[in-house]
Amino acid sequence: MDATAQEFFRQLVETPSPSGYEQKIQRIVRDYARSFADEIRTDVHGNVIATVNAGGSCRVLLDGHVDQIGMIVQHIDDQGFIYCLPIGGWDVQILLGQRVVVWSAEGPLPGVIARKATHLLTDDERKKIPEFHELWIDLGIQDAVEVRRRVQIADPVTVELGLRPIAGSIVSGPKMDDSAGLFVVFEALRRLKGKKFAPAVHVVSAVQEEIGLRGAQTAAFGIDPHLAIAVDVTHATDCPTIDKRSNAVVGIGKGPVLFRGPNINPVMFRRLQETAQQHSLPIQIKGANRGTSNDANVLQLIRSGVATACLGIPLRYMHSPVELISLDDLESAAELLAQFILSLQSGDDFTPV
Ligand SMILES: [Zn+2]
């Protein structure tokens, strides 16, 4: 990964973007894409769409979602403690003991989520997982009036953001989902700069995936693609307690996962698999027995149907502040997408027969 790409990935990971609050990060995405896209636009839903070769033989949509899970302020009590609603799927046990940030209009406010000390918990309390609505954020501000002056109802909240290199190309942080996939689709487009290829390519930085695959739907309706590839993270199974019988063998650093099953166009699957083989790019294969839980699900169903594929970046500990991925998988995935685009010819038919 060169310095430009590294810096873009760092910005994606360090900029807050809970679903519905993606404007700031979308400005970063737009600025980045300016050096290699022919056109960049933001649609009314907030998706950023970077296009190259607009008049091409067919339209290809590459999707990564820009939003992250987070929280939204719903109540400030008379002591100034803040109660939130979740944005996306949280494991409450993991939120206990986290550093968080309230992204207020006047700037980031650091806070913590915890509960009373273990010494003070009753035996019953110790065994019980709190409900989400029982969690509070403590900003350390002792005055409810002051908290209410600085924090507005519905301000977004995230856990403390950051990128932590661990070992070799392994990095950890709370925003790998889906900074990883978003990075990959833009890196694929960057690698195509100056090259000649047949299709029009529309790279979408899609909003609101975590609350129901919402941005991909509106973006795809507008683009009306023939082919679509969603790039998201997927569960690596190379750590304790994950059942490989239902989740397949998926390792971090072993290449992106190519999904196969009813959500995936079989010709797309085969062409991507062949592209990987031809260019000696590592891939792993995983079955998806129904609509996937990411943007590929809705992309397939736009208008009269879209030939859809899904690439998964292997990740351990999804939806936690310590999501763990290998940067090598981002490189392999971006190269696979770029080579796939280069392999497309006008007249290619993706009808399954
Ligand atoms: Zn995701």
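Q: In β11, which residue is the bridge partner of Arg164?
A: The bridge partner of Arg164 in β11 is Ser172. Strands here are DSSP runs of E with at least two residues, helices are runs of H or I with at least four, and both are numbered from the N terminus.

Q: What kind of model is this, and how are residues numbered?
A: This is a predicted model, in which local features need pLDDT of at least 70, side-chain atom pairs count only at pLDDT 80 or more, and totals for chains, interfaces and linings use all residues. Residues are numbered from 1 along each chain as its sequence is written.

Q: Back to β10 and β11: how many bridges do they share?
A: β10 and strand β11 (residues 170-173) are paired in the antiparallel sense over three bridges; strands count as paired if DSSP finds at least two bridges between them. The two strands form a hairpin with two residues between them, and Gly168 in the turn has a positive phi of about 55°.

Q: Which sheet do they belong to, and what is the strand order?
A: They belong to an open sheet of three strands, ordered β10-β11-β17, with antiparallel pairing. Because β10 (164-167) and β17 (323-326) are at the edges with a single partner strand each, one side of each has no neighbour in the sheet. Neighbouring strands are turned by 30° against each other on average, direction ignored.

Q: What stands opposite Val171 in β17?
A: Ile325 of β17 stands opposite Val171. β11 and β17 pair in the antiparallel sense over four bridges.

Q: New topic: what is the order of the sheet with eight strands?
A: The order is β1-β2-β12-β3-β13-β16-β14-β15, in an open sheet with mixed pairing. The edges are β1 (39-42) and β15 (284-287), each with a single partner strand, so one side of each is left without a neighbour in the sheet.

Q: How do β13 and β16 pair?
A: Strand β13 (residues 227-235) and strand β16 (residues 307-315) pair in the parallel sense over nine bridges. In β16, Ala307 is the bridge partner of Leu227.

Q: Which strands does α11 touch?
A: α11 packs on the sheet and touches β3, β12, β13 and β16, its direction making about 165° with that of β16. Such angles run from 0 to 180 degrees between N-to-C directions, with axes fitted to C-alpha atoms, for helices over the stretch in contact.

Q: At what angle do α6 and α11 cross?
A: The axes of helix α6 (residues 176-191) and helix α11 (residues 327-343) cross at roughly 45° and come within 8 Å. That angle makes α6 oblique to α11; under 35 degrees counts as roughly parallel, over 145 as roughly antiparallel, 65 to 115 as roughly perpendicular and the rest as oblique.

Q: Which residues of α6 and α11 make that contact?
A: Among them are Ala180, Phe183 and Val184 of α6, and Leu330, Ala333 and Ala334 of α11. Contact requires C-beta atoms, placed from the backbone, to lie within 7 Å.

Q: Which residues does α1 bring to α6?
A: Ala5, Phe8, Phe9, Leu12 and Val13 of α1 meet Ser179, Leu182, Phe183 and Glu187 of α6. The axes of helix α1 (residues 3-14) and α6 come within 10 Å and cross at roughly 145°.

Q: Lastly, which domains are assigned?
A: The domain assignment gives domain 1 (3-68 + 175-343) and domain 2 (70-159), with bounds taken from an automatic or database assignment. Their C-alpha centres lie 32 Å apart, and the contact takes 10 residues from domain 1 and 12 residues from domain 2.

Methods: Contact = placed C-beta atoms within 7 Å.
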